[in-house]
Amino acid sequence: MPRLTVDDILRTKESHSAGLALKEGGYTAKVTVHMGTCGVAAGANPVMAALRDEMEKAGRKDIFVTTSGCAGLCAREPLITVETINQPPVRYCDMSDQKMRDIFGEHIMSGRAVDKYALVSGTEITDAPVSGQKPGPSVKTDVTGPSEKPAIPSIEDTPFFKYQVLRVLRNKGVIDPESIEDYIARDGYQAVAKALTQMSSEDIVKVVKDSGLRGRGGAGFPTGMKWEFASKVPSEVKYMLCNGDEGDPGAFMDRSVMEADPHSVIEGMIIGAKAIGAHHGYIYVRAEYPLAVKRLQLAIDQATERGLLGKNILGSGFDFELGIYLGAGAFVCGEETALMRSLEGKRGMPRPRPPFPAQKGLWDKPSVLNNVETLAQIAPIILNGAQWYRSLGTEKSSGTKVFALTGAISNVGLVEVPMGIPLRRVIYDIGGGIKKKGRKFKAVQLGGPSGGCIPESHLDTPVTYEDIVATGAIIGSGGMVVMDDANCMVITARFFLDFTADESCGKCPPCRVGTKILLDILTDITAGRGKESDIETLEDLSRDIIATSLCGLGQTAPNPVLTTLRYFKHEYEDHIKHKWCRSGVCRDLATFRIDEKLCKACGACLRACPSKAIVGEKKVPHKIIQELCVHCRTCFDTCKFNSIMILPAGFEGDPNELPGVGAADAGAKKGDA
Amino acid sequence: MAGGPKILIVDDEPVVIKSAERVLKSEGYDIEGAGGGREAILKLEKGGYDLVFTDLKMPEVDGLTLIKWIKKTNPHIGIVIITGYPSQDTIRDALELGIIDYVPKPFTPSVLLDVTERAVQWSEGRKPKEDKAGEEFPPAMAAELDRVIGAFRNVPGGLIPVLQRAQEIVGYLPPVVQKRIAKGLNLSEAEVHGVVSFYSFFTMKPRGDHNIRVCLGTACYVKGIEGVLEKIEENLKVGIGETTGDRRFSIEGVRCLGACGLAPVMMIDQETYGALTPAKAIGVIKGFDPSVGGAEVTAAAAQEEG
């Protein structure tokens, strides 16, 4: 494989695009099977096998079959995209072997899209520089196929897609992540060509600074400033590092980017290296992401073969060597000084700053660490300029942000939205609201163990770094876990403290000891041993931990406690004073009772009860024998008539006389708070 | 072989049976005793034994008679003699009858264990188990480990990659492996151990043939992974961080597998399984070992499907 020059990149782009274009006499159809980790786990392999089988049987050689990374809508995996000549692409969801065969016969052989299996038609909205499109906000792509039936909703009419603008994820589900030509055909490595041959280090720093891009790893530090600091430190040896450790539970944006578009990360790193004057770099990836590691390694090999990594890149005289380093599983390694210690082969424990890594980082050399998502945005910024980047988002939080939308929501998936979009739009329009019927939204958890829970009343908060911090949560790396009213907020806080107490590296006592005490208090409260003074202790201790911890882990660990105390204090009070977990999650703090007026005697709960604690017969309201009840909440989840009441522990009286609430709120209705 | 090899100890001195039992039972062997040749034959008639350890000098039916009977009726049973009078003649007679080994009386626990282990391997006709006791591993494994250590000897920050490869090669990182790495990389053993114990990826306990990694991330938590985990633990009879007795499975709790879209999720080896229910999870595990769970589980899974 010859080393490429700048002209070669353009030529490769033209020829590869032309080769893939659907036309009579060439490929007449293209089928993309989306095979990220989720897709494969959901059953993409049998779908692919069925497709190959059908193609062989039909003897068709003019169908281009390719794989790509995550398509974003994880809830509907496996997904495929079918394109035929002069028709907009159609995306099919919930695929199976049989559906694949049906679609092959109908859509690919006969040109009739199969409406009943289709999700949407059209191309996802991106304003990133993609061949053939002029940059500009919210470019409408060509979806006006001549014979498209309205039976399949278009991207523009589907809320999940309509409100998204893809910049980071510009190539998601479109390119084959294992093909560098696919990436080049989508303007890949043109930014490297520009940065290496036409721009000085200062030029690059200026564009990135002007774009207002902030680090997407959590803290939101301006990327351009980070690069500027490091570029000004004189040193022969510097390091350009990428953080792909993604340790937040509930976040998978970085995995998806590394799996779906690995070259975009590499390209960002080459440009960053040029900006700061580094010739060596590492991508630090979690060992739990085998597919991401495999694809990154393949991408590095391809780029090295073609002279896009290594010595004298594109004949520019600039050298950059890149390697992968497998993380060994420690949450604290998301902190930059800890990650660098880990790269040195030691225990990944943070150290005080200053000196900042820009002065003394990996092996005491100036180093810059950027997150995967940050780096994936660099190429389009270089090609399109700072003003283009600022065309989306707000003054202080420009551009777009990727969120991993999960939990009790209909459309679980990976979404990219302009900064400043209200949370409500993300959760209700894009996410489709709460999935389970009869349940209500309770809180959205942002920022993982460092973040917090935001209640319904704050859902109009725009998604910007500043506004989210004002709620007590943080944007963090972009995990967005939606909880419905079947969740208990006290035990949710306990869940996060359990995590941070375990992951605390132990170097500084406020974090090591403090998180353990917080955890113990929360455990007591959820087990019915709470004291009235606990709430005050939690608040005081949280503030102390924040003020005195060494690194970001300790400084943010109390956030889940503080936000739940701020918005859901009544739940803590119910747990402590009334021994009452209204959602019935804390087993020791709930009594389940059937409201005889609402019970239809259908027998559903009776059959579902694992300890056979429910008695009753047809037309006779059922009854729970308290002595046999194990408080598993199965009956509550099973009952279609809201007849299961969740009462305080050991409560035997009239629900109307419950402390502080009327009978209507006595758990009989699904939805408190 | 469930529950370890079953061994019958035959001796007219109860104390010998008692002490052998004490040593071997804790090692997972299934031990029974017989006070003489007659009792031994009656027990052996019922079947199910893998090995017989027998004294030679016993009243009534003596050891040699017992051995002859066993060789005639149950030739697959391995025989070891325990004797206080190991005269060359009796040993030779016994060897001619096809015994595997002999233990001199009085014996130390380590001698007994050693002989038992060899006898079990011999009777099963297989090579020594590579991971047994973790103190020794086959020469090929050691050579591979040394090759990896050599490759990283001069690489700064090479310790973590070496440990990752070592864990791939050996399966886990017992003290003997850590020592070898420390020596090879010219680090202190404390430093190596410090890194091993810091990162959750490294384990000092052997893992099962199939490692089940259960995601304990937020999305999985919200979607009920706890119930799934409970069911898995109940069926395999081990908890998080443990390995089943037959070394088929080990369970590990991990922070987030990054497949939240499919929550709740687990990974078995390199495969990810999503949208789990307790029954579905057991169904998946059954695919690896049909003896897991029972008919009840299959029925529950079928009900859920329907």
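**Figure 1. Strands E6 and E9 of chain A run side by side.** In this predicted model, strand E6 covers residues 239–244 of chain A and is joined to E9(A) by 5 bridges. The two strands run parallel. Which residue of E9(A) stands opposite A:Cys242? A:Asn370 does. Strands of a sheet pair through backbone hydrogen bonds, in either a parallel or an antiparallel way.

**Figure 2. The sheet around E6 and E9 has 4 strands.** In chain A, the order across this open sheet is E8-E7-E6-E9. The pairing is parallel. Strand E8 (321–327) and strand E9 (367–371) of chain A are the edge strands, and each pairs on one side only. From one strand to the next, the twist averages 20°.

Figure 3. Helix H11 takes in residues 262–276 of chain A. Helix H11 of chain A lies across E6, strand E7 (280–286), E8 and E9 of chain A. The angle between H11 and E6(A) is about 150°. Helix H12 takes in residues 290–305 of chain A. Helix H12 of chain A lies across E7 and E8 of chain A. Against E8(A), helix H12 runs at about 170°.

Figure 4. Strand E1 spans residues 29–34 of chain A. Is this strand mostly covered or mostly open? Mostly covered: 5 of its 6 residues are buried. Strand E2 (residues 63–68) of chain A is joined to E1(A) by 6 bridges, and the two run parallel. Here A:His34 has A:Ser68 of E2(A) as its bridge partner. Strand E3 (residues 80–84) of chain A is joined to E1(A) by 5 bridges, and these two run antiparallel. A:Val33 stands opposite A:Ile80 in E3(A).

**Figure 5. Another open sheet of chain A has 5 strands.** The strand order is E11-E10-E14-E12-E13 (chain A). The pairing is mixed. E10(A) and E11(A) are an antiparallel pair, with 6 bridges. In that pair, A:Ala404 has A:Leu414 of E11(A) as its bridge partner.

**Figure 6. A:Val463 sits in a loop.** The loop runs between strand E13 (452–455) and helix H18 (465–471) of chain A. Is A:Val463 buried or exposed? A residue is buried if 20 or more other C-beta atoms lie within 10 Å of its own. A:Val463 has 24 C-beta neighbours inside 10 Å, so A:Val463 counts as buried. Leaving aside neighbours within four places in sequence, the contacts of A:Val463 include A:Lys401, A:Val417, A:Met419 and A:Ile468. A:Gly420, A:Ile421, A:Leu423 and A:Val426 are also in contact with A:Val463. A:Ser397 is 66 residues away from A:Val463 along the chain, and their C-alpha atoms are separated by 8.9 Å.

**Figure 7. Chain A touches chain B.** The contact involves 42 residues of chain A and 32 residues of chain B. Helix H2 (37–42), helix H13 (336–343), strand E10 (400–407) and strand E14 (479–484) of chain A each supply at least two residues to the chain A side. Which of these elements gives the most? H2(A) does, with 4 residues. The chain A side divides into 22 nonpolar, 14 polar and 6 charged residues. For the complex, the predictor gives an ipTM of 0.83 and a pTM of 0.79.

**Figure 8. Chain A is divided into domains.** Domain 1 covers 19–156, domain 2 covers 189–387 and domain 3 covers 400–484. Domain 4 covers 489–577, and domain 5 covers 587–665. How far apart are the C-alpha centres of domain 2 and domain 5 of chain A? They lie 56 Å apart.

Figure 9. Chain B has an average pLDDT of 82, and 86% of the residues score at least 70. Where is confidence in chain B lowest, and where is it highest? The lowest is in helix H13 (residues 295–305) of chain B, with a mean of 47. The highest is in helix H9 (residues 189–198) of chain B, at 94. Residues 126–135 of chain B have a pLDDT below 50, and this stretch has 11 contacts in the model beyond near neighbours in sequence. Over residues 295–306 of chain B, pLDDT stays under 50. There the model has 8 contacts beyond four places in sequence.

Technical notes. Residues are numbered from 1 along each chain as its sequence is written. Chains are lettered from A and ligands numbered from 1 in the order in which they are written. This is a predicted model: local features need pLDDT of at least 70, side-chain atom pairs count only at pLDDT 80 or more; totals for chains, interfaces and linings use all residues. Two strands pair if DSSP finds at least two bridges between them. Axes are lines fitted to C-alpha atoms, for helices over the stretch in contact, and angles run from 0 to 180 degrees between N-to-C directions. Two residues are in contact if their C-beta atoms, placed from the backbone, lie within 7 Å. Ala, Val, Leu, Ile, Met, Phe, Trp, Tyr, Cys and Pro count as nonpolar, Asp, Glu, Lys and Arg as charged, and the others, Gly among them, as polar. Domain bounds come from an automatic or database domain assignment. A residue is buried if 20 or more other C-beta atoms lie within 10 Å of its own, exposed if 12 or fewer, and partly exposed in between; C-beta atoms are placed from the backbone. pLDDT is the predictor's confidence in each residue, from 0 to 100.
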